[in-house]
Amino acid sequence: MTTVPRPDVTDRFRELLDRLTEKAIEDYYNPYQRFDWADHLDEDQWWMSPELISVAGTAQAERLDEATLQRLSKWESINFYSLNVHGIRELLMEVVNRIHQPGFEAPSDFFHHFIGEENEHMWFFAEFCLRYGRKIYRPPVVAALGPAPLYEPEVENFLVFARILFFEEMVDHYNMAMGQDERLCRTIRQVNAIHHQDESRHIAFGRELVSHLYGLMRERVDEDRLREVEAYLKRYIVFSVNSFYNPEVYRDAGIADPLGLRAAVLADPARRVAERRVIRKPMAFFRKIGLFTDDTLPVG
Ligand SMILES: [Fe+2]
Ligand SMILES: [Fe+2]
């Protein structure tokens with residue numbers, strides 16, 4: 001059996017690729033001219049929708065006054081855009097490694113748009129962090145996820161694009177809400193709305209590609225392997241969700257016991273409900289294609 005994924009894709013996928021490539025060309029903009037960067041963003045305003053900050057809904061949040069919550073929303077937003085910067089860098093490396101390689105002939109044209117757009121997203125998220133936060137937070141520690149196991153190429157390809165899709169869908173949940181939240185200033189709304197517009201193409205593409213790669217993976221590996229892949233992807237989901245509870249953010253917001261707050265917030269059942277809202281669509285997608293046998297997630 002060949003270890004190289006077959007390049008043949010369905011007509012439906014080909015048509016989608018053509019449509020999305022055309023749309024990427026039509027919607028193309030110059031990111032270096034596109035944004036109305038405010039000179040300064042005041043601290044006493046919401047930088048992130050209050051329902052989306054990591055303490056929302058918890059007993060701890062009720063003990064914080066509005067000024068602290070707004071300051072927290074500032075650093076949570078810098079953390080969110082920092083996670084984007086690091087997430088994009090990692091996904092770009094994987095896509096660049098695969099473009100014009102056997103098995104990826106069909107999406108290679110769209111990959112060029114994807115790579116170009118993601119480079120620009122990384123730029124505007126970094127720009128936001130540096131302009132208004134004077135820093136980019138460090139990436140979350142991958143050790144928490146455990147070592148990446150060595151799998152068959154079909155599994156590796158599936159996991160790379162499944163992770164990218166999950167990440168994009170998770171981020172999009174925030175972008176969609178914040179892009180139209182009137183409580184947020186114009187600069188913040190604009191960054192989120194523009195990213196959402198590009199990401200809707202990436203997500204439509206990702207869903208089709210991940211379904212295709214899932215089919216190739218299933219032909220290659222047995223049931224035990226599929227269950228390992230399910231477990232691995234679920235660990236990745238929990239790891240990603242947990243990266244929103246950053247003690248450095250709590251410290252920057254002036255909270256006295258950042259690690260204590262993190263532990264208390266993580267233990268609050270209200271967060272499981274909030275997290276499920278964020279990951280609802282990708283969880284349903286992985287059920288639909290047949291990889292996830294249930295909705296459970298490991299305890300982080
Ligand atoms: Fe992006
Ligand atoms: Fe994207």
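**Reading a metal site**

Modeller: The iron ion (ligand 1) is coordinated by E118 (OE), H121 (ND1), H195 (NE2) and E199 (OE), at distances of 2.1 to 2.4 Å. Please bear in mind that this is a predicted model.

Colleague: How is the geometry of the site of the iron ion (ligand 1) to be classed?

Modeller: One examines the angles among the donor atoms. A site with four donors counts as tetrahedral if all angles lie between 85 and 135 degrees. Here the angles among the four donor atoms run from 85 to 154 degrees, and the site of the iron ion (ligand 1) is irregular. A site may look incomplete because water is not among the atoms.

Colleague: Which spacing do the donors of the iron ion (ligand 1) follow along the chain?

Modeller: The pattern is E-x2-H-x73-H-x3-E. The pair H121 and H195 links distant parts of the chain: H121 belongs to helix α5 (residues 108-133) and H195 to helix α7 (residues 186-220), 74 residues apart.

Colleague: Are H121 and H195 buried or exposed?

Modeller: Both H121 and H195 are buried.

Colleague: What are the protein donors of the iron ion (ligand 2)?

Modeller: They are E118 (OE), E168 (OE), E199 (OE), E199 (OE) and H202 (ND1), at 1.8 to 2.3 Å from the iron ion (ligand 2). Along the chain, their spacing reads E-x49-E-x30-E-x2-H. E168 lies in helix α6 (residues 153-179) and E199 in helix α7, so this pair ties together parts that are 31 residues apart in sequence. E168 and E199 are buried.

Colleague: How far apart are the iron ion (ligand 1) and the iron ion (ligand 2), and which residue bridges them?

Modeller: The two ions lie 3.3 Å apart, with E118 as the bridge.

Colleague: Let us turn to the packing. Which residues touch the most other members of the largest nonpolar core?

Modeller: In such a core, one looks for the members with the most contacts. The largest nonpolar core has 99 residues, and F128, F158 and F161 touch the most other members. Helix α6 supplies the largest share of this core, 14 residues. Leaving aside residues up to four places away in sequence, F158 touches V210, L213, Y214, M217, V229, I289 and L291.

Colleague: What span does α5 reach, and what is expected at 1.5 Å a residue?

Modeller: One compares the distance between the end C-alpha atoms with the expected value. With 26 residues, α5 reaches 36 Å from its first C-alpha to its last, close to the expected 38 Å. Just after α5, R134 takes a positive phi of about 60 degrees.

Notes. Residues numbered from 1 in each chain as written. Chains lettered and ligands numbered in written order. Predicted model: local features only at pLDDT ≥ 70, side-chain atom pairs only at ≥ 80, totals over all residues. Heavy atoms only, no water. Donors = N, O, S within 2.8 Å, 3.2 Å for Na, K, Ca; no water. Tetrahedral: all angles 85-135°; square planar, octahedral: opposite > 155°, others 65-115°. Helix = DSSP H or I, 4+ residues; strand = E, 2+ residues; numbered from the N terminus. Buried < 20%, exposed > 50% of the residue type's maximum accessible area, 1.4 Å probe, protein only. Core = buried A, V, L, I, M, F, W, Y, C linked by side-chain atoms within 4.5 Å. Contact = heavy atoms within 4.5 Å. Expected span 1.5 Å × (residues − 1).
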